[in-house]
Amino acid sequence: MKTKIHHITGWNSAYKRPFIIAGPCSAESEEQVMTTARAIAQYPVNMLRAGIWKPRTRPDSFEGMGEIALGWLKNAGKEVNLPVAVEVANTRHVELALKAGIDVLWIGARTTVSPFMVQEIANAIAGMDIPVLIKNPVNPDVDLWEGAIERIAKSGISKIMAVHRGFSSYENSTYRNKPNWEIPIELRRRIPGIPLICDPSHISGKTVLIPYLSQMALDLNYEGLMIETHIDPPHARSDAKQQLTPAGLGKLLAALVLRNPSVDDVFELSKLEDMRDQIDEVDQTILDYMSERMGIARMIGQYKLKNHMTIYQPERWNEIIRTRTKNGMEKKLTREFILKLINIIHEESIYQQTLQMNPEQFNSQPADKEGNTAFDA
Ligand code: PEP
Ligand code: MN
């Protein structure tokens, strides 16, 4: 299907790259929404966001203020002269948002995964002229993302933006939702002209990575950013760790550099960045395994102590060298590298085991307050 999408320049005359959408993860009170809006509006922001109905991973978390907050957001937007956006996940949300005069709808990552839900929203807005932001699905599936965009486009909506908010993964990761920069680029290849927005808040899960991710997105030629901003982040009722203060947002926006890369640069840059992200993941895994290995070494230390065994056992060490070099060389690692690596791992393991050799137990001599025994004298 040929999807017809208008570039933002076609529907937002105020658009100037980067297009900035900011506001709290959740609307929490009338005052919080208004104060945030006023503070944010001092900076070059183009749209105000707030979640009203929150899709939370677990029950009993704060699930948003619901309908009443639509009016708070609309009033705040009027006050600071900014269009307002909320997340919708079903027909009822759409109807209530439209009735309250909400200007822009967004489809969350947990909704984009479900063709039933996306179709329900598409039917509810059929023939209307409302802009829709479509977040990537939680899983890295470009077809599913494209399909969601097609469903909305087929119901007559042409003002669509795609939001990259990262993809969830089971492994421990630096990111809350791992970015996969090639997927949005592939989406733009398939739907030329679709505006891309990056949501560094949900990708990182923590504020420290937001500047780097924001600059990365601009270097990859994204049209804009969606950044969660709260007047009092530590007390936010959802996503407290990833929200900037309005002043923090102002500083970030002032620090961003706008470049105009060519299409080739963008594609090459995204490949490099994806490979670097893979390296980060692997390093994290190596550290997790090292920590697990040293934990086992400490247990062995205690076992040897209890059973009066020596820590260093040459036959065991020879066997480690033999098996590890064989396995490692089969996996294209050099013999020198494997030997260096197992030597430092082994050294640390021995050290961790000796830590278990508390002099008090070792000597069967009572230690004094400083830990000295008769042997230390
Ligand atoms: C949000 O923007 O607050 C949100 C719930 O995002 P996502 O759908 O990306 O998780
Ligand atoms: Mn959030």
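Cys 25 and His 202 are both buried, where buried means under 20% relative accessible area, exposed over 50% and partly exposed in between (1.4 Å probe, protein chains only). The model is predicted: local features need pLDDT of at least 70, side-chain atom pairs count only at pLDDT 80 or more, and totals for chains, interfaces and linings use all residues. Residues are numbered from 1 along each chain as its sequence is written, chains are lettered from A and ligands numbered from 1 in the order in which they are written, and side-chain values use heavy atoms, with hydrogens and water left out.

The manganese ion (ligand 2) is coordinated by Cys 25 (SG), His 202 (NE2), Glu 228 (OE) and Asp 239 (OD), at 2.1 to 2.4 Å. Cys 25 and His 202 link distant parts of the chain, 177 residues apart. Cys 25 sits in the loop between strand E1 (19–23) and helix H1 (30–40), and His 202 in helix H8 (residues 200–204). The donor spacing in sequence is C-x176-H-x25-E-x10-D. Donors are N, O and S atoms within 2.8 Å of the metal (3.2 Å for Na, K and Ca); water is not among the atoms, so sites may look incomplete. Helices (H or I, at least four residues) and strands (E, at least two) are DSSP runs, numbered from the N terminus.

Helix H5 (residues 115–124) has Val 118, Ile 121, Ala 122 and Ala 124 buried. These residues cover an arc of only 165° around the axis, which puts them on the same side of H5. The arc is that of the directions from the helix axis to the C-beta atoms. Exposed Phe 116 and Asn 123 lie on the face turned away from the buried side of H5. The buried residues of H5 pack against helix H3 (91–99), strand E4 (104–107), helix H4 (109–112) and helix H6 (142–154). Contact means heavy atoms within 4.5 Å.

Ile 152 belongs to helix H6. Its relative accessible area is 0%, so Ile 152 is buried. Leaving aside residues up to four places away in sequence, Ile 152 touches Val 118, Ile 121 and Ala 122, among others.

Helix H2 (residues 68–80) also has buried residues, including Leu 70, Trp 72, Leu 73 and Val 80. The buried residues of H2 pack against H1, strand E2 (47–49), strand E3 (84–87) and H3. Asn 81 follows H2 with a positive phi, near 60°.

Helix H13 (residues 335–355) packs with two other helices. The axes of helix H11 (residues 263–306) and H13 come within 8 Å and cross at roughly 45°. H11 is therefore oblique to H13. Axes are lines fitted to C-alpha atoms, for helices over the stretch in contact, and angles run from 0 to 180 degrees between N-to-C directions. Angles under 35 degrees count as roughly parallel, over 145 as roughly antiparallel, 65 to 115 as roughly perpendicular and the rest as oblique. The axes of helix H12 (residues 314–330) and H13 come within 9 Å and cross at roughly 140°. H12 is likewise oblique to H13. Residues of H12 that meet H13 include Trp 317 and Ile 320.

Backbone features complete the description. The peptide bond from Arg 17 to Pro 18 is cis, with omega near -5°. Asp 60, in the loop between E2 and H2, has a positive phi near 70°. Asp 60 is exposed, with a relative accessible area of 81%.
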